[in-house]
Amino acid sequence: MTQVSQVMTRGVRTMSPRDTVQLAAQAMDELNIGAVPVCDGERLVGIVTDRDITVRGVAQGRPADRAPVSEVMTEEVCWCYEDQSIEEVAKEMSEIQIRRLPVVDREKHLVGMVSLGDVAVKADRIEGGDALADISQPIEPDRSGTSAASGAAGGGSASGAPSRKPG
């Protein structure tokens, strides 16, 4: 049985809740990653993703050079233990449809990250393939709060003006 510790990435870059959104985006760009754990000291307090920056930062008009990561990060973080089995973690990732998880030790200190890519490349290919298929299931977008920015994709026109129905 393969454990998370055997496939995870150690020595991951972290952000402080007080770091700026711009610094988080720059770290993601430099490291070619889409998520950075947010820690207060050694304690995991959140995760900031490229999507968090886009949806909670840019779309809301927050100034990236001044807004702290704490304003855009996801606070309710899913994580796993380093001694859990890859099978168990891949199943969990599939069920909650996420591609990466922070990894903690039994004292809950951050020790690394495990991604679907780690599972696919370093563990059993069947586990990785099954998890990828489950995580990649399309879902209907939430269009309850459509804005002019969503254009035709949100049910409006590409210009943001109301659509006219033929008639």
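This report covers the confidence of a predicted model, one face of helix α2, and the surroundings of Gln-84.

## Confidence

Across the chain, the mean pLDDT is 81. A score of at least 70 is reached by 73% of the residues.

Helix α1, residues 21-31, has the highest confidence in the chain, at a mean of 97. Helix α5, residues 125-135, has the lowest, at a mean of 50. Over residues 152-167, pLDDT stays under 50. For that stretch the model has 12 contacts beyond four places in sequence.

## The buried face of helix α2

Helix α2 spans residues 50-58, and its buried residues are Asp-52, Ile-53 and Gly-57. Viewed down the axis of α2, these buried residues fall within an arc of 95°, so they line one face of the helix.

The buried residues of α2 are covered by elements that include α1 and strand β3 (43-49). Of these, α1 is the helix with the highest mean confidence.

Gln-84 sits in the loop between β4 (80-81) and α3 (86-96). The residue counts as buried because its relative accessibility is 11%, and the cut-off for buried is under 20%.

The side chains of Gln-84 and Glu-88 make a polar contact at 3.0 Å. With neighbours within four places in sequence left aside, Gln-84 is in contact with Thr-2, Gln-3 and Val-4, and also with Val-89 and Glu-92.

Notes:
Residues are numbered from 1 along each chain as its sequence is written. This is a predicted model: local features need pLDDT of at least 70, side-chain atom pairs count only at pLDDT 80 or more; totals for chains, interfaces and linings use all residues. Side-chain values use heavy atoms; hydrogens and water are left out. pLDDT is the predictor's confidence in each residue, from 0 to 100. Helices (H or I, at least four residues) and strands (E, at least two) are DSSP runs, numbered from the N terminus. Contact means heavy atoms within 4.5 Å. Buried means under 20% relative accessible area, exposed over 50%, partly exposed in between (1.4 Å probe, protein chains only). The arc is that of the directions from the helix axis to the C-beta atoms. A polar contact is a pair of N or O atoms within 3.5 Å; within protein, one must be able to donate a hydrogen and the other to accept it, and residues adjacent in sequence count only if both atoms are side-chain atoms.
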